[in-house]
Amino acid sequence: MSSSRSRFIAALFAFVALAWGGSYVAISVGLHNLPPVFFAASRLDIAAVVLLPSVVAWFDDWRPTTTGDWLTVCAAGLFVAGEPTPSCSSASRPRRAPSPP
(Lines give C-alpha, C1' and ligand atoms only; values in the text may rest on other atoms or scores of the structure.)
Protein backbone atom coordinates (compact mmCIF):
# COMPACT_ATOMS: atom_id res chain seq x y z
CA MET A 1 0.00 0.00 0.00
CA SER A 2 1.35 3.41 -0.91
CA SER A 3 2.27 5.98 1.69
CA SER A 4 -0.29 8.56 0.50
CA ARG A 5 -3.06 5.94 0.53
CA SER A 6 -2.09 4.89 4.08
CA ARG A 7 -2.24 8.52 5.21
CA PHE A 8 -5.63 8.96 3.55
CA ILE A 9 -7.02 5.87 5.27
CA ALA A 10 -5.61 7.02 8.63
CA ALA A 11 -7.13 10.48 8.17
CA LEU A 12 -10.46 8.97 7.16
CA PHE A 13 -10.40 6.71 10.22
CA ALA A 14 -9.63 9.69 12.47
CA PHE A 15 -12.48 11.71 10.92
CA VAL A 16 -15.00 8.89 11.40
CA ALA A 17 -13.82 8.31 14.99
CA LEU A 18 -14.13 12.02 15.84
CA ALA A 19 -17.49 12.41 14.11
CA TRP A 20 -18.89 9.26 15.73
CA GLY A 21 -17.54 10.06 19.18
CA GLY A 22 -18.50 13.71 18.94
CA SER A 23 -22.10 12.83 18.25
CA TYR A 24 -22.47 11.42 21.78
CA VAL A 25 -21.21 14.65 23.27
CA ALA A 26 -23.52 16.67 21.03
CA ILE A 27 -26.50 14.51 21.99
CA SER A 28 -25.84 14.81 25.72
CA VAL A 29 -25.41 18.59 25.48
CA GLY A 30 -28.37 18.99 23.13
CA LEU A 31 -30.76 17.01 25.30
CA HIS A 32 -30.01 19.28 28.25
CA ASN A 33 -30.95 22.35 26.22
CA LEU A 34 -33.75 21.16 23.90
CA PRO A 35 -36.79 18.92 24.23
CA PRO A 36 -36.00 15.36 23.04
CA VAL A 37 -38.50 15.26 20.16
CA PHE A 38 -37.39 18.65 18.84
CA PHE A 39 -33.76 17.60 19.10
CA ALA A 40 -34.38 14.33 17.21
CA ALA A 41 -36.34 16.17 14.49
CA SER A 42 -33.59 18.77 14.18
CA ARG A 43 -30.97 16.04 13.67
CA LEU A 44 -33.04 14.51 10.86
CA ASP A 45 -33.58 17.92 9.26
CA ILE A 46 -29.87 18.70 9.31
CA ALA A 47 -29.08 15.29 7.80
CA ALA A 48 -31.61 15.88 5.01
CA VAL A 49 -30.18 19.32 4.22
CA VAL A 50 -26.67 17.84 4.01
CA LEU A 51 -27.55 14.67 2.10
CA LEU A 52 -30.00 16.00 -0.52
CA PRO A 53 -27.46 18.17 -2.38
CA SER A 54 -25.01 15.26 -2.30
CA VAL A 55 -27.55 12.90 -3.84
CA VAL A 56 -28.50 15.44 -6.50
CA ALA A 57 -24.83 15.98 -7.38
CA TRP A 58 -23.84 12.30 -7.53
CA PHE A 59 -26.89 10.64 -9.10
CA ASP A 60 -28.67 11.53 -12.32
CA ASP A 61 -31.85 9.61 -11.56
CA TRP A 62 -32.49 10.23 -7.87
CA ARG A 63 -36.23 10.92 -7.89
CA PRO A 64 -38.67 8.05 -7.24
CA THR A 65 -40.50 7.22 -10.47
CA THR A 66 -42.11 3.80 -10.12
CA THR A 67 -44.74 2.63 -7.68
CA GLY A 68 -42.13 0.45 -5.97
CA ASP A 69 -39.87 3.47 -5.50
CA TRP A 70 -42.69 5.44 -3.91
CA LEU A 71 -43.65 2.55 -1.63
CA THR A 72 -40.04 2.27 -0.50
CA VAL A 73 -39.85 6.00 0.23
CA CYS A 74 -43.13 5.94 2.16
CA ALA A 75 -42.14 2.85 4.17
CA ALA A 76 -38.79 4.40 5.05
CA GLY A 77 -40.52 7.62 6.09
CA LEU A 78 -42.93 5.72 8.32
CA PHE A 79 -40.15 3.76 9.97
CA VAL A 80 -38.05 6.86 10.59
CA ALA A 81 -40.95 8.97 11.84
CA GLY A 82 -42.78 6.18 13.67
CA GLU A 83 -39.92 4.46 15.45
CA PRO A 84 -39.35 5.83 18.93
CA THR A 85 -35.74 6.73 19.46
CA PRO A 86 -34.10 6.06 22.84
CA SER A 87 -33.84 9.78 23.51
CA CYS A 88 -37.61 10.19 23.05
CA SER A 89 -38.91 7.14 24.84
CA SER A 90 -40.15 7.20 28.38
CA ALA A 91 -37.89 4.26 29.25
CA SER A 92 -34.77 6.38 28.91
CA ARG A 93 -36.00 9.13 31.21
CA PRO A 94 -34.89 8.99 34.83
CA ARG A 95 -37.63 7.89 37.17
CA ARG A 96 -38.60 10.09 40.07
CA ALA A 97 -38.67 8.73 43.56
CA PRO A 98 -42.20 8.36 44.92
CA SER A 99 -43.24 11.18 47.16
CA PRO A 100 -43.87 10.35 50.81
CA PRO A 101 -47.55 9.97 51.81
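1. A helix here is a DSSP run of at least four residues, numbered from the N terminus. With that in hand, look at the fold. This is a predicted model. Read along the sequence, the protein chain goes α-α-α.

2. Next, how two of the helices meet. Helix 1 covers residues 3-33, and helix 2 covers residues 36-58. The two pack with their axes 9 Å apart, at an angle of about 135°. Helix 1 is therefore oblique to helix 2. The crossing of helix 1 past helix 2 is right-handed.

3. How much of the chain is buried? Of its 101 residues, 3% count as buried. The accessible surface of the protein chain is about 9,000 Å². Carbon and sulfur atoms account for 71% of that surface.

4. Now find the nonpolar patch on the surface. Its members are Phe 8, Ile 9, Leu 12, Phe 15, Val 16, Trp 20 and Tyr 24. Together they have about 800 Å² of accessible area.

5. Take one member of the patch, Phe 15. Where does Phe 15 sit? Its place is in helix 1. Is Phe 15 buried or exposed? The cut-off for exposed is over 50% relative accessible area. Phe 15 has 57% relative accessibility, so it counts as exposed.

Technical notes. Residues are numbered from 1 along each chain as its sequence is written. This is a predicted model: local features need pLDDT of at least 70, side-chain atom pairs count only at pLDDT 80 or more; totals for chains, interfaces and linings use all residues. Side-chain values use heavy atoms; hydrogens and water are left out. Patches are made of residues with over 30% relative accessible area and no salt bridge: like charges are joined within 9 Å, nonpolar side chains (Val, Leu, Ile, Met, Phe, Trp, Tyr) within 5 Å. Accessible areas come from the Shrake-Rupley method with a 1.4 Å probe; for residues, only the protein chains shown count as cover. A salt bridge is a side-chain nitrogen of Lys or Arg within 4 Å of a carboxyl oxygen of Asp or Glu. Buried means under 20% relative accessible area, exposed over 50%, partly exposed in between (1.4 Å probe, protein chains only). Axes are lines fitted to C-alpha atoms, for helices over the stretch in contact, and angles run from 0 to 180 degrees between N-to-C directions. Angles under 35 degrees count as roughly parallel, over 145 as roughly antiparallel, 65 to 115 as roughly perpendicular and the rest as oblique. A crossing is left-handed if the near helix is turned anticlockwise from the far one by less than a right angle, and right-handed if clockwise.
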